[in-house]
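Morning, everyone. Please have a look at the structure on the screen. I will take you through it piece by piece.

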Amino acid sequence: MIRFAENENIDRDLWDAAIMQSSQPMVYAMSWYLDLVAPGWNGLIEDNYQSVMPLVGAKKFGIQYLFQPPFCQQLGVFGKVITTDTVKSFLQAIPRRYRFAEIMLNESCPINVPGVEMLTNITLQLGCDIENIRTGYNENTRRNIRKAAQSGLSVHKGFDIENFISLFKTNKGEALGKHESWYSTLKTLSFQLRHLGLSNTYCVLNPHNEIIAGILLVEFKGRAVLLFSGSGSEARETGAMHFLIDSILADICTTHQIFDFEGSNNENLAKFYLGFGGKVSNYPFI
């Protein structure tokens, strides 16, 4: 039986245990993560937390609806065994109070209902040495890495999130319509992930030791997720992001199983990620 639970009535330990027994646990669905990016989230729970599904709602013009919270590429149903019938039952159990929904399920959610669009994710299999991974790079990726090396760039691993948030804000934030609340959530989330030992930042420095690009990497159960990146015009001219991702892969390739690029449905960005030998996987958007 699937029941609806308000936020304050959800047992966080049992919820997180359900996420962790999934075939591919995702940090986005952990209760503490949802508390940071979607305060007041609710959930659907099957029996005694056999499987669960977060529901992130809001209200506009008196109408309650479900939406995908920031920094959560995939949510949906999580549990030990998730079938097509399980997913359908959860969707049918969404309370009628929610009149409208735009939500993204996870790639382990098999689904066969009308109105589903499959979105693109790109991942790279790790668990081997970097030279083996580099054999999958295309020539454009190799050329940009060489260009970066010739430009005297270097990579620093530390925690410089605010520096490349500023880069993102200056170069892309306005065009993408990001509001101050989005940046505030990102900063809070990044510092909490750091506190829990689940994230690192990697930055590219130019010869003047100025940060020109950076990536926030989340590391959770063998999956390294490119959660956020920021760069400027100098990075584009020098191949800095190619250089940065190659450096990250060299650092984590033997300690993690999957590198998750978190996308992309943008054709140019997908082409960039695929240049590292990444493979396409799909997740449902309803």
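Predicted model: local features only at pLDDT ≥ 70, side-chain atom pairs only at ≥ 80, totals over all residues.

Rings first. How many aromatic pairs are there? The count comes to 17. Let me pick one of them, F168 with W182. A pair of aromatic rings is described by the distance of the centres and the angle of the planes.

F168 has 9%, so it is buried. W182 has 16%, so W182 is buried too.

F168 and W182 belong to one aromatic cluster, together with F71, F164, Y183 and F228. Look at Y183 in that cluster. K169 lies over the face of the Y183 ring, 5.0 Å from the ring centre.

On to the cores. The largest nonpolar core has 41 residues. Those with the most contacts inside it are W15, Y28, Y33, V52, F71, L227 and F228. Which elements give two or more residues to this core? They are α1 (12-20), α2 (31-37), α6, α7, β11 (211-220) and β12 (223-231).

Take Y28 as an example. Beyond its neighbours within four places in sequence, Y28 is in contact with residues including Y33, F71, L227 and D260. Another core lies apart from the largest one. That other core has 33 residues, among them A148, Y202, L217 and A235.

Next, the largest pocket. It holds about 1400 Å³ of space. Its lining has 39 residues, and the closest to the centre are K172, S229, S264, L269 and Y273. Which element gives the most to this lining? That is β12, with 6 residues. Helices α5 (139-150) and α10 (267-274) are among the elements that give two or more.

Last stop, S281. You will find S281 in strand β14, residues 279-285. S281 is buried, at 17% relative accessible area. Leaving out residues up to four places away in sequence, S281 touches E107, L119, T120 and N121.

Definitions and conventions: Residues numbered from 1 in each chain as written. Heavy atoms only, no water. Phe/Tyr/Trp six-rings, centres within 6.5 Å; stacked < 30°, edge-to-face > 60°. Buried < 20%, exposed > 50% of the residue type's maximum accessible area, 1.4 Å probe, protein only. Lys NZ or Arg CZ within 6 Å of the ring centre and 35° of its normal. Core = buried A, V, L, I, M, F, W, Y, C linked by side-chain atoms within 4.5 Å. Helix = DSSP H or I, 4+ residues; strand = E, 2+ residues; numbered from the N terminus. Contact = heavy atoms within 4.5 Å. 1 Å grid on protein atoms, 1.4 Å probe; cavity = no way out; pocket = protein on both sides within 12 Å on 5 of 7 lines; lining within 4 Å. Points joined across faces, edges and corners; volume = space filled by probe spheres on them.
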